[in-house]
Amino acid sequence: MIKKLMLLGAISTSLLSYAQKFSFIPSVGYGWRVAETPSGLSKQEKDCIKGLKSGLHFDLSAYYHVNNVGIGVKFSNYSASSNGMLSVENSQRNTIYIPISTTDNITFIGPSIMYSNYSEPTKHKLILDAALGVISYTTKTGNVKGTGSNLGLDAGFGYQYALSDHIFIGPKLSVTAGTLTKMKINGTTVELGDAKEGLTRVSLSGVVTFHF
């Protein structure tokens, strides 16, 4: 009987150790795009672009842990919208203003690596992660739709407090970086030349980790 109890205890400990090697980490917050606004634009155009410079940030990652190192995958999404007025000249050379509405969406997905002290006996948890993958951009103004993708980078640092052995919460600061040299506008490929589309942003989020 004693041997059976010892065997069951060893199996339970082994299963618990195995189970606690997985983490699922969602976060939500706000992001700010850092690319400079192009020169030569009208005030109305600048105001419209300004509205697209900040928006909702969401990401989700999953890791398998080997000691303090986690190996997994990360997905993130940024969305923003802006309304404005576009000035154009009509056939009589009079300036008229047309209301426009623009929505932007930036996604990133790729393999990720993370350092954490999740396995250490402390309620104060630190995380540092980095991912390399594909960053994609979609922008739509009226009937005009632009899309593009390129190599991207996502990295972040966060602090979390352990509410229990399996749930940690806290803030995280992250950077998502990428640049487009060409885009498809309504299906037609356009080389951007010097007017590259900068997708880099800084994000501040609230993070929850489920560690099992």
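Lys74 and Asp129 are both buried, where buried stands for a relative accessible area under 20%, exposed for over 50% and partly exposed for the range in between, computed with a 1.4 Å probe on protein chains only. The model is predicted, so local features need pLDDT of at least 70 and side-chain atom pairs count only at pLDDT 80 or more, while totals for chains, interfaces and linings use all residues. Residues are numbered from 1 along each chain as its sequence is written, and side-chain values use heavy atoms, with hydrogens and water left out.

Lys74 and Asp129 form a salt bridge, with 3.1 Å between the closest N and O atoms. A salt bridge here is a side-chain nitrogen of Lys or Arg within 4 Å of a carboxyl oxygen of Asp or Glu. This pair links distant parts of the chain, as Lys74 is in strand β3 and Asp129 in strand β5, 55 residues apart. Strands (E, at least two residues) and helices (H or I, at least four) are DSSP runs, numbered from the N terminus.

Asp129 also forms a salt bridge with Lys172, and here the closest N and O atoms are 2.5 Å apart. Through shared partners, salt bridges join Lys74, Asp129, Asp154 and Lys172 into one network.

The structure holds 5 salt bridges. One of them pairs the side chains of Glu197 and Arg33, at 2.8 Å from N to O. Glu197 is in strand β11 and Arg33 in strand β1 (residues 22-33), 164 residues apart. Glu197 is partly exposed, at 23% relative accessible area, whereas Arg33 is buried, at 11%.

Glu197 leads on to the largest pocket: with Ile49, Leu52, Tyr137 and Thr139, Glu197 lies nearest the centre of this pocket, which is lined by 32 residues. The elements that give two or more residues to the lining include α2 (43-51), β3 (69-89), β5 (124-141) and β11 (197-198). A pocket is an open set of points, on a 1 Å grid over the protein atoms alone, where a 1.4 Å probe fits, with protein on both sides within 12 Å along at least five of seven lines; lining residues have an atom within 4 Å of a point.

The volume of the largest pocket is about 1000 Å³, meaning the space filled by probe spheres set on the points, which are joined across faces, edges and corners. Its lining divides into 15 nonpolar, 7 polar and 10 charged residues. Ala, Val, Leu, Ile, Met, Phe, Trp, Tyr, Cys and Pro count as nonpolar, Asp, Glu, Lys and Arg as charged, and the others, including Gly, as polar.
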